[in-house]
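Subject: Structure handover and findings

Hello,

Here is the structure for you to look over. My notes follow below it.

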Amino acid sequence: MDSKPNFWRKRTLFGRLLIYFLIVLIVPLGLFSAYYALIGGRNQERYLTEQTMNLVAVDADKVSSVLEDYRHKAYQLSTNPLIVHIMEEDRLEANSTISRDLYQLLFSVMRGDTYLASANIVSNTGRVRISTHTFPDVYDLRYHGNDWDMNSIISQNANISPTASIISIRGHRMADNGRQVVASILRRIYDSEGTNLGYLVIDIYAEALSNLVNTERLLGDVLLIDNRDFYATSLVHTERFGTFDKFPSLSQLKGDYSRRTMHTGTSIVSITPIHGTTLHLAGSVSAAPFQESLDRLLYAFGLTMAVGTLLAMGLSFLFSRSIARPIRNLAYRMGEVEQGNLQTKAVKSRIWEFAQLEHSFNIMVQQIAGLLELTREEQEKLSEAERKALESQMNPHFLFNTLNTIKALARMHGEEDIYTITVKLGKLLRSTIDNHESECTLEQSMALIDSYLTIQRLRFGSKLKVQTYLDPGCASVKTPKLIIQPLVENAIIHGLEPKVGEWTLSVRVVKLSGRIFITIEDNGIGFPPGTLPDNLDELANSTHVGVYNVYRRLFLTYGKQMTFSLTSKVGEGTTVNISFPDETKERK
């Protein structure tokens with residue numbers, strides 16, 4: 001065992017610092033590297049899948065909202081009486097009043113959308129051709145009425161119901177104003193008898209949809225899909241459109257167009273239906289950049305671990321050499337103090353933290369020396385205090401001896417009132433001076449009240465009427481001392497003495513449902529509302545010391561289980577109600 005190096009037998013500061021540096025630096029990096037290498041790829045894939053579906057779902061709601069808005073405009077125009085009338089006449093003179101009214105109607109309904117969509121109206125004969133832009137030749141039924149014309153939504157859907165709005169993306173073309181038409185909405189125009197008069201087509205330009213989707217630029221592409229015709233158009237790269245064979249990622253659908261997410265090579269594709277239409281929206285995200293980022297992150301972790309190990313070794317050596325010397329000096333001085341030498345020489349360190357530590361140690365040594373001296377002085381003062389305390393114990397005995405002398409003289413001379421007052425006063429003083437216990441029974445409290453009221457009845461005579469009642473079940477209940485007498489004293493001094501006429505005072509202690517109820521009631525002058533605050537804790541700094549003292553001691557004993565209330569009416573009297581739980585059984 002002794003042959004082992006000192007580094008292993010006795011852990012040095014350098015070794016500890018090196019281990020700590022490695023734990024703090026290398027272990028977290030190693031855990032992160034393992035985490036990303038083992039499950040980072042799966043978490044990344046799951047995150048991309050959820051993110052792609054969320055983005056596509058949000059974009060699908062936006063596209064659905066736009067299509068629904070234009071479908072509503074198509075309904076407004078196709079059922080408008082003015083347009084129906086023009087289609088019934090099957091002619092429209094230029095620069096006429098009805099012509100101006102028609103164009104005012106078109107631009108009113110399409111207000112704000114003239115750069116995003118165009119409204120086109122054509123009669124079955126082709127004689128009426130109206131548009132908010134240049135009327136497209138593809139909708140001219142005089143020349144483009146064949147059902148094989150796949151660029152015309154009218155030719156594709158010649159037999160639609162009166163209430164149907166057809167949305168198609170097959171008519172992708174470049175409009176005369178240089179904008180790409182990515183979707184069209186078709187409605188037939190009927191008269192009141194249900195006769196087909198013509199068609200209304202709203203062409204939606206690419207900007208109306210492409211500006212709404214992929215706003216966060218996270219999706220590589222967003223495709224608007226018509227699974228009936230196996231046709232798709234890109235809303236990100238609007239020049240890309242056509243059948244599914246032009247979009248390799250859609251070949252994985254295999255006829256399943258339900259809301260789901262697929263993995264195609266290095267891409268993740270999410271598809272979801274567009275509410276209120278037969279169209280679907282598909283968005284794709286390439287996972288290759290994320291995988292490359294993960295690989296770069298793992299490489300950075302490895303490189304950081306290697307550099308961190310070398311850095312930890314160098315820092316451990318430097319720190320241990322700079323810390324070890326002041327620690328050894330401080331440890332030597334502590335050993336001196338431990339042996340009782342409080343006169344050790346102070347040493348200053350160039351490191352600020354150690355200088356503060358040594359300064360604190362020097363102050364501590366000085367305080368220890370001062371405390372030792374102070375302890376000796378306190379011992380002398382304590383002896384003097386004990387001597388004076390023994391002397392002060394004679395004072396209460398002198399007071400009681402004096403009262404006993406007065407009582408004996410009163411009995412000798414037949415002064416019964418003086419004798420009674422002296423006896424009761426002695427009981428009151430003895431209860432007040434006796435500090436051995438902080439509690440007393442309710443029977444003792446009522447006896448104290450009886451002594452106090454006896455003195456007051458001798459003083460005021462028949463003017464003071466007193467009623468007291470103690471429930472026998474409450475006699476042995478212990479409470480804090482002097483919780484009733486101060487309230488009785490307040491009732492006499494502040495409530496009854498200023499009153500002219502007969503005085504009545506009632507003190508009742510009863511037990512109901514496991515709680516003790518104490519009621520002190522007088523017919524004194526009372527006090528107006530607002531004299532006492534609702535929260536009795538606010539009496540701490542007031543002149544109502546007696547009330548606050550009783551309330552506070554009861555609260556400290558019973559907490560929130562105690563209730564304490566004072567109610568008073570001017571000229572009628574005051575009532576104090578106190579209740580608290582009977583804890584006699586719990587104490588036993």
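First, a term. On a 1 Å grid over the protein atoms alone, a pocket is an open set of points where a 1.4 Å probe fits, with protein on both sides within 12 Å along at least five of seven lines; a cavity is a set that the probe cannot get out of. Lining residues have an atom within 4 Å of a point. Grid points are joined across faces, edges and corners, and a volume is the space filled by probe spheres set on the points.

Some ground rules. This is a predicted model: local features need pLDDT of at least 70, side-chain atom pairs count only at pLDDT 80 or more, and totals for chains, interfaces and linings use all residues. Residues are numbered from 1 along each chain as its sequence is written, and side-chain values use heavy atoms, with hydrogens and water left out.

The pocket

The volume of the largest pocket is about 430 Å³. Its lining has 21 residues. Nearest the centre lie Asn 490, His 494, Phe 527, Val 547 and Leu 566. Helices (H or I, at least four residues) and strands (E, at least two) are DSSP runs, numbered from the N terminus. Helix 12 gives the largest share, five residues. By type, the lining has ten nonpolar residues, ten polar and one charged. Here Ala, Val, Leu, Ile, Met, Phe, Trp, Tyr, Cys and Pro count as nonpolar, Asp, Glu, Lys and Arg as charged, and the others, Gly among them, as polar.

The aromatic pairs

There are five aromatic pairs in the structure. Rings of Phe, Tyr and Trp (its six-membered ring) pair if their centres lie within 6.5 Å; planes under 30 degrees apart count as stacked, over 60 as edge-to-face and the rest as tilted. One of the pairs is Tyr 551 with Phe 564, edge-to-face at 5.8 Å centre to centre and 80° between the planes. Tyr 551 and Phe 564 are both buried. Buried means under 20% relative accessible area, exposed over 50%, partly exposed in between (1.4 Å probe, protein chains only).

Tyr 558 and Phe 580 make a stacked pair, 4.5 Å centre to centre with 15° between the planes. Tyr 558 is in helix 13 and Phe 580 in strand 19, so the pair ties together parts 22 residues apart in sequence. Both Tyr 558 and Phe 580 are buried. Tyr 551, Phe 555 and Phe 564 form one aromatic cluster.

Strand 19 also holds Ile 578. Ile 578 is buried, at a relative accessible area of 1%. Its C-alpha is 5.6 Å from that of Thr 563, 15 residues away in sequence.

An open sheet has six strands in the order 9-8-7-12-11-10, with antiparallel pairing. Two strands pair if DSSP finds at least two bridges between them. Which strands stand at the edges? They are strand 9 (241-243) and strand 10 (260-264); each has a single partner strand, so one side of each is left without a neighbour in the sheet. The twist averages 25° from one strand to the next. That angle uses axes fitted as lines to C-alpha atoms (for helices, over the stretch in contact) and runs from 0 to 180 degrees between N-to-C directions.

Strand 10 pairs with strand 11 (residues 267-273) over five bridges, antiparallel. His 263 faces Ile 268 in strand 11, and Thr 261 stands opposite Ser 270. Two residues separate these strands in a hairpin, and Gly 265 in the turn has a positive phi of about 65°. Strand 11 is mostly covered, with five of its seven residues buried.

Strand 11 and strand 12 (residues 279-286) pair antiparallel over seven bridges. Ser 267 has Ser 286 in strand 12 as its bridge partner.

Asp 90 and Phe 230 are not glycines. Asp 90 has a positive phi of about 55°, and so does Phe 230. Asp 90 is buried, at 12%, whereas Phe 230 is partly exposed, at 45%.

Regards
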